[in-house]
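Hello,

Here is the structure I promised to pass on to you. Have a look at it first, and then read on for my notes.

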Amino acid sequence: MKTFAYTITDPEGIHARPAGILVKQAAAFKSTIKMSGNGKEADIKRLIAVMGMGIKKDMEVVFTIEGEDEEEAAATLEKFMQDNL
């Protein structure tokens with residue numbers, strides 16, 4: 001199991017466009033990928049779940065990745081968060 005935390009820097013928080021890209025990237029992996037933050041947890045392969053979390057600027061989110069390709073998934077998603085959110 002891999003975990004990493006990230007603090008959102010985008011002024012709009014997690015909004016539709018980057019959330020959609022995040023979900024597509026997560027869907028490419030076989031691992032189970034969860035994101036928790038704002039007192040909620042979501043499967044990030046489901047766009048409605050991610051958007052329903054209400055993550056805003058300066059909130060911390062924690063990713064938990066578990067499965068056969070967890071190393072690659074964690075590295076890819078962490079880079080995406082740093083580059084886009």
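Let me start with one spot in a loop. Asp-58 sits in the loop between helix H2 (47-51) and S4. Its backbone stands out: Asp-58 has a positive phi of about 75° although it is not a glycine. Is Asp-58 buried or exposed? With a relative accessibility of 56%, Asp-58 counts as exposed, because the cut-off for that class is over 50%. Please keep in mind throughout that this is a predicted model.

Asp-58 also turns up among the contacts of Thr-7. Leaving out residues up to four places away in sequence, Thr-7 touches Asp-58, Met-59, Glu-60 and Leu-85. Thr-7 belongs to strand S1, and at 36% relative accessibility it counts as partly exposed. How far apart in space are Thr-7 and Met-59, C-alpha to C-alpha? The distance is 5.5 Å, although 52 residues separate Thr-7 and Met-59 in sequence.

The loop between H2 and S4 holds Ile-55 as well. Here the relative accessibility is 2%, so Ile-55 counts as buried. If neighbours within four places in sequence are set aside, Ile-55 is in contact with Ile-8, Gly-13, Ile-14, Gly-37, Asn-38 and Val-61. For Ile-55 and Ile-44, the separation is 11 residues in sequence and 13 Å in space, C-alpha to C-alpha.

Asn-38 has a positive phi, about 55°, although it is not a glycine. You will find Asn-38 in the loop between strand S2 (32-37) and strand S3 (40-43). With a relative accessible area of 38%, Asn-38 is partly exposed.

Now to the aromatic rings. How many aromatic pairs does a search of the whole structure find? The search finds one. The ring centres of Phe-4 and Phe-63 are 4.6 Å apart and their planes are at 10°, so this pair is stacked. Phe-4 lies in strand S1 (residues 2-7) and Phe-63 in strand S4 (residues 60-66), so the pair ties together parts that are 59 residues apart in sequence. Both Phe-4 and Phe-63 are buried.

With those details in mind, here is the overall picture. The protein has three helices and four strands, and along the sequence they follow the pattern β-α-β-β-α-β-α. Its C-alpha atoms fill a box of roughly 35 × 25 × 20 Å along the principal axes. Why does the radius of gyration agree with a compact globule? A compact globule of 85 residues would have a radius of gyration near 12 Å, and the protein has 11 Å, so the two agree.

Of the 85 residues in the protein, 40% are buried. Among contacts with a separation of 6 or more, 68% are between residues 24 or more positions apart. The accessible surface comes to about 4800 Å², and carbon and sulfur atoms account for 48% of it. As for charges, the protein has 11 positive and 14 negative ones, and their mean positions are 7 Å apart.

Best wishes

How values were computed: Residues are numbered from 1 along each chain as its sequence is written. This is a predicted model: local features need pLDDT of at least 70, side-chain atom pairs count only at pLDDT 80 or more; totals for chains, interfaces and linings use all residues. Side-chain values use heavy atoms; hydrogens and water are left out. Helices (H or I, at least four residues) and strands (E, at least two) are DSSP runs, numbered from the N terminus. The radius of gyration is taken over C-alpha atoms; the globule rule is 2.2 Å times the number of residues to the power 0.38. Buried means under 20% relative accessible area, exposed over 50%, partly exposed in between (1.4 Å probe, protein chains only). Contact means heavy atoms within 4.5 Å. Accessible areas come from the Shrake-Rupley method with a 1.4 Å probe; for residues, only the protein chains shown count as cover. Lys and Arg count as positive and Asp and Glu as negative; His and the chain ends are not counted. The place of a charge is taken as NZ of Lys, CZ of Arg, CG of Asp or CD of Glu. Rings of Phe, Tyr and Trp (its six-membered ring) pair if their centres lie within 6.5 Å; planes under 30 degrees apart count as stacked, over 60 as edge-to-face and the rest as tilted.
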